[in-house]
Amino acid sequence: MTITAGKKKEKLDRLAELAGRDDERGVSLWKEAFRRLRRNPAAIIGAVILAIFVLVALIGPFLVPYSPTDTIGIREGLIRPGTIPGADGDHWLGYDHQGRDEFSRLIVGARQTLLVGVVSTLIGLAVGAVIGGVAGAAAGLGGRWGRAIDNALMRVIDMMLALPSLLLAVSIAALLGASLTTVMIAVGVVSVPVFARLLRGSMISQANSDYVLAATSLGVKKPKIALSHVVPNSLAPVIVQATLTLATAIIEAAALSFLGLGNPDTAVPEWGVMLADAQQYLGIRPGLAIYPAVAIIITALGFTLLGEAMREALDPKLRK
Amino acid sequence: MFRFIVRRLLQLIPTLFGLSLLLFIWLRRLPGGPETAILGERGTPEMRAAIRRSMGLDEPILVQYGRFVRRLIRLDLGTSTSTKRSVVSEFLERFPGTVELTVTALVIAIGVGIPLGYLAARRRGRLLDHLSVGGSLIGICIPVFFLAYVLKAIFSENLGWFPSSGRQDPTIDATRITNFFVLDGIMTREWDAAADAIWHLVLPGLALASIPLAIIVRITRASVLEVLNEDFVRTAEAKGLTERTVRRRHVLRNSLLPVVTSIGLLTGGLLSGAVLTETVFAFTGIGAFIYDAINQRDYPVLMGFILIIAVVYVLVNLLVDLSYSLIDPRVRVR
């Protein structure tokens, strides 16, 4: 009797020890994901691109050789109708159509582009997460009334999805009048339904999990379960989507500028506006369009690479 | 199946009702009305008021909306305030162009995307795989209008292979029946007109196809990779089916479901992209017209066009849902 009990105890001790060791190694979803992210070359490339982009946006304006608003070319009589001079020794990428140094504008433009991308994504994320979070909590925990709330909210989201995104953005821009804030709101609103659906879906799939059952049986209030248990566990796909949306936000903002609904204040350079302005001079100096376009593509690529790598790293199917 | 279709169509009604009410109120909040677009800045307040009265814009908004709904039931969407023609006939004249453009883009995206995604998955980790994954990443990141300009500059202005604008060479005296230029050409046996219309579709179609193509390649690739690991594929191989049969009937067919879903969701994005490509190629579709309508505060056109687009979007996604049961017999729609 005592022998078997001792053996049993030994066994339990060993199990506990194993479990403890497992804990020490850190099995948290985020730690594990970060470890895998570091091993993914695509993630590293994306992160490096973004680090350079953010660095340029932050300190670039202090380092540029010329003022981005100084019309040097016109002052020196270099810009005549039909000619825009290209690169020379001092002006690495030549001048833009108003005789301003293109390289300086490109560098300074990074800041505005980053601002538009981040703010509009945050707008979409905030509004979408509130709608999706309420709908998800109501659907997962709220009984019949909850389902009704969820249904009503999702019909609104469906309506937004049924409208072509650019049309939605264009009509918002028309409603608010052309300005930088308008661009951010218009681009942000377009991504609201995506975030809302994603968070809702993710929360509903969490609602049946054991930890919700455990919290319910311990008598935790439903709003508290939703806010402090379900939402944090449902955020991973939303964060991945936000990274990917940063890329599309920059591209959508460029599309709005192309349609003439961008920031009317052209003194502050922004890549989308620069690209849109350059369309008129494609025949004379295609470079004016190519430089900002390549800058937009590389930045969008950085966000997309990092976002996709995060999606892979957080995918539970790929976890060991 | 029949009940499923009827229920989905009935669900459409409250959605459209809500959408139209929201749009109605929202559009009327746009600063400046059609009277400003017609009169410019010079109109006197009396002239403005007269125009607003003649359009019924001086009545309470719910009265206006009630009138709109009564007409809508008779499928009458009203008259454009800027062109003075009925919204329905404006739509029928322009929508075929946009449909031709989006269908071309979809054909390119599906025709190239599914085989490419499939091959990339089969040759995972090899050159073709890296090229298609890399290419699709860039495809997502290129602004559509920029790609449209690049294609136009290279293949039309420099090489002269394709026309740079319009839907058809104006010197061709083509008969119009449906306003689908390609279809009209085939129906009237005016083969040169049909061929010319197709020729005009290539470059804008390619530009518009970039994003859907990239998405379809990625989804097909991921889906095929997942199906390749399924037990039934191993079973099919083990029971001695030829590789060809396994690939076609087991792998490809089972991996199509997520691809078809994505095609339905891409429709909205395609219509957005169409606005941009139509602008670059001066292509007569609904894109430029809607854009003008916003600037002109042409409420009837905006309401009508946006509602029809929403209906089209919902119908396309209904078709997508129905096609599930064709692709996968396990899916039964109820």
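**Entry 1: chain B overall.** I started with chain B and found 13 helices and zero strands. Helices here are DSSP runs of H or I with at least four residues, strands are runs of E with at least two, and both are numbered from the N terminus. Read along the sequence, the pattern of chain B is α-α-α-α-α-α-α-α-α-α-α-α-α. I also looked up the box that the C-alpha atoms of chain B fill along the principal axes, and it is roughly 85 × 55 × 40 Å.

**Entry 2: ground rules.** I noted that this is a predicted model, in which local features need pLDDT of at least 70 and side-chain atom pairs count only at pLDDT 80 or more, while totals for chains, interfaces and linings use all residues. Residues are numbered from 1 along each chain as its sequence is written, and chains are lettered from A and ligands numbered from 1 in the order in which they are written.

**Entry 3: the record.** Which residues of chain B does the UniProt annotation "transmembrane region" cover? The unreviewed entry lists 9–27, 101–121, 133–155, 197–217, 257–290 and 302–327. I kept in mind that UniProt positions are given in the numbering used here, that feature names are shortened, and that annotations may be inferred rather than shown by experiment. I then checked two of these spans in the model. Residues 101–121 of chain B are 100% helix and 0% strand, with the end C-alpha atoms 29 Å apart. Residues 133–155 of chain B are 91% helix and 0% strand, and their end C-alpha atoms lie 25 Å apart.

**Entry 4: two domains.** Chain B is divided into domain 1 (2–73) and domain 2 (94–333), with bounds from an automatic or database domain assignment. Their C-alpha centres lie 33 Å apart. I found 14 residues of domain 1 of chain B in contact with 13 residues of domain 2 of chain B, where contact means C-beta atoms, placed from the backbone, within 7 Å. On the domain 1 side, α1 (2–27) and α2 (34–39) of chain B are the elements that give two or more residues. α1(B) gives the most, with nine residues.

**Entry 5: a helix pair.** How do α10 (residues 231–238) and α11 (residues 243–280) of chain B pack? I read an angle of about 160° and axes 10 Å apart; axes are lines fitted to C-alpha atoms, for helices over the stretch in contact, and angles run from 0 to 180 degrees between N-to-C directions. That makes α10(B) roughly antiparallel to α11(B), a label for angles over 145 degrees. The contact is made by F232(B), V233(B), A236(B) and E237(B) of α10(B) with V246(B), H250(B) and V251(B) of α11(B).

**Entry 6: another pair.** The axes of α6 (residues 127–141) and α9 (residues 191–228) of chain B come within 8 Å and cross at roughly 140°. From α6(B), I listed S132(B), S136(B), G139(B) and I140(B) as contact residues. The α9(B) residues in this contact include S210(B), I211(B) and R218(B).

**Entry 7: meeting chain A.** Last, I looked at the two chains together: 32 residues of chain A are in contact with 30 residues of chain B. On the chain A side, α6 (143–162), α7 (165–176), α11 (222–258) and α13 (287–314) each supply at least two residues. α13(A) gives the most, with eight residues.

Notes:
Angles under 35 degrees count as roughly parallel, over 145 as roughly antiparallel, 65 to 115 as roughly perpendicular and the rest as oblique.
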